Amino acid sequence: MESSKVVLIPCRNYGDDVPGKIRKGMELLGGWKQFVSPEEKILVKPNVLSGVSPEKAVTTHPAVFDAVLQILKEEGYPSLSYGDGPGSTAKDIESSMEACGLKQSADARNVPMADFRTSVRVTFPEGKAAKEFVLAKAALDADAIISVCKMKTHALENITGAVKNQYGLVFGKHKAAGHALYPDSSRFAEMIVDLDLCVRPRLYIMDGVIAMEGNGPGSGDPVLVGVIILSKDPVAMDTVFARLVDLDPANVPTCVAGAKTGLGTMKEEEITVVTEQGFLTVKEAVGKFGKPDFNVKRKKPSFWRLGFFFRTHPKKKDRPVVDPEKCIGCGICEEACPVEGKAVHAGKGVKAVYDYKKCIRCYCCQEMCPQKAITKVE
């Protein structure tokens with residue numbers, strides 16, 4: 001079979017001619033016309049977990065996002081829009097986009113925000129785990145989606161990159177509901193892969209210049225990895241990401257599920273890493289660009305399918321815990337919890353308290369905590 005190309009371009013900082021790097025990457029990948037046509041309506045979809053400054057490495061950096069818009073405009077693609085659906089607690093999409101610097105770039109390029117305020121129910125009968133989705137109308141309005149993802153760790157899936165970025169297309173509160181419906185890392189990954197197959201992004205561009213390690217995807221630490229990665233195969237892209245940080249992709253549920261369903265490949269013999277200097281194997285790319293000291297969980301995520309046992313023996317299971325020194329009792333963790341009756345209670349200055357017999361270990365609380373007060377323990 002034809003090898004999946006993953007283009008890897010070194011980029012040491014966001015002032016390092018990011019547009020030039022992406023232009024070169026697209027040239028090595030075969031050019032924009034391989035993926036989108038000028039007459040199509042194109043949605044540029046960044047990762048916007050929440051409205052925080054770009055220096056925190058929670059979101060796609062505006063330099064990468066702006067470079068994609070700039071180049072598409074210059075290449076003759078006039079029908080652009082952008083947007084994402086932030087986490088379940090986000091009240092104002094526009095303010096989130098502004099806080100992380102994306103709205104300013106889009107406004108300067110005269111690129112409008114797509115419709116993430118209207119929901120559309122979409123059936124997907126061929127789905128393995130999910131037969132329908134409630135999506136933002138933006139996903140249906142576009143002829144093509146370009147996914148501009150962020151290189152980060154993730155409490156549930158170990159990493160989040162190309163495959164998971166499309167979860168932002170799920171509308172509003174349905175994101176939290178998805179965690180309740182698919183409450184372990186494996187089933188959740190299968191649903192995410194169904195979503196990818198449903199919306200079918202044409203192209204993936206990963207911001208791995210300053211990545212997030214540690215307590216991701218929202219409370220980790222920025223770290224220099226120094227790469228921009230481009231591919232049409234999200235599984236191959238995430239496989240390369242995993243290998244660069246010394247993580248076995250077999251321990252990334254979204255890679256495993258994506259390979260099983262044909263979304264992409266995680267077989268290294270079927271992946272060609274393309275650089276400005278020539279072709280590399282994945283192993284050679286790791287030797288040249290890898291960051292083995294990257295702080296990421298490297299074991300296989302535990303499963304929730306033995307739910308009754310773990311609910312009655314909570315110390316036997318990975319779980320979120322709160323640091324009372326950091327918690328301010330804002331209540332965002334409770335709001336983010338998808339469990340009926342809530343597995344965590346906080347708010348009005350009362351610090352978070354867990355009921356682990358209800359907790360499904362989806363880590364929505366950890367993901368959305370603005371104080372970095374919640375971590376995953378094992």
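User: What makes strand 6, helix 6 and helix 13 part of the lining of the largest cavity?

Analyst: Each supplies at least two lining residues: strand 6 (144–154), helix 6 (174–181) and helix 13 (364–368). Lining residues have an atom within 4 Å of a cavity point, and a cavity is a set of points on a 1 Å grid over the protein atoms alone where a 1.4 Å probe fits but cannot get out. Helices (H or I, at least four residues) and strands (E, at least two) are DSSP runs, numbered from the N terminus. This is a predicted model: local features need pLDDT of at least 70, side-chain atom pairs count only at 80 or more, and totals for chains, interfaces and linings use all residues. Residues are numbered from 1 along each chain, and side-chain values use heavy atoms, without hydrogens or water.

User: Which lining residues lie nearest the centre of the largest cavity?

Analyst: Leu 49, Lys 164, Tyr 167, Lys 175 and Glu 367, out of 23 lining residues.

User: How do you know that the length of helix 7 fits a helix?

Analyst: The expected span is 1.5 Å times one less than the number of residues. Helix 7 (185–199) has 15 residues, so it should span 21 Å; its end C-alpha atoms are 21 Å apart, which agrees.

User: What follows helix 7?

Analyst: Arg 200, with a positive phi near 50°.

Methods
On a 1 Å grid over the protein atoms alone, a cavity is a set of points where a 1.4 Å probe fits but cannot get out, and a pocket is an open set with protein on both sides within 12 Å along at least five of seven lines; lining residues have an atom within 4 Å of a point.
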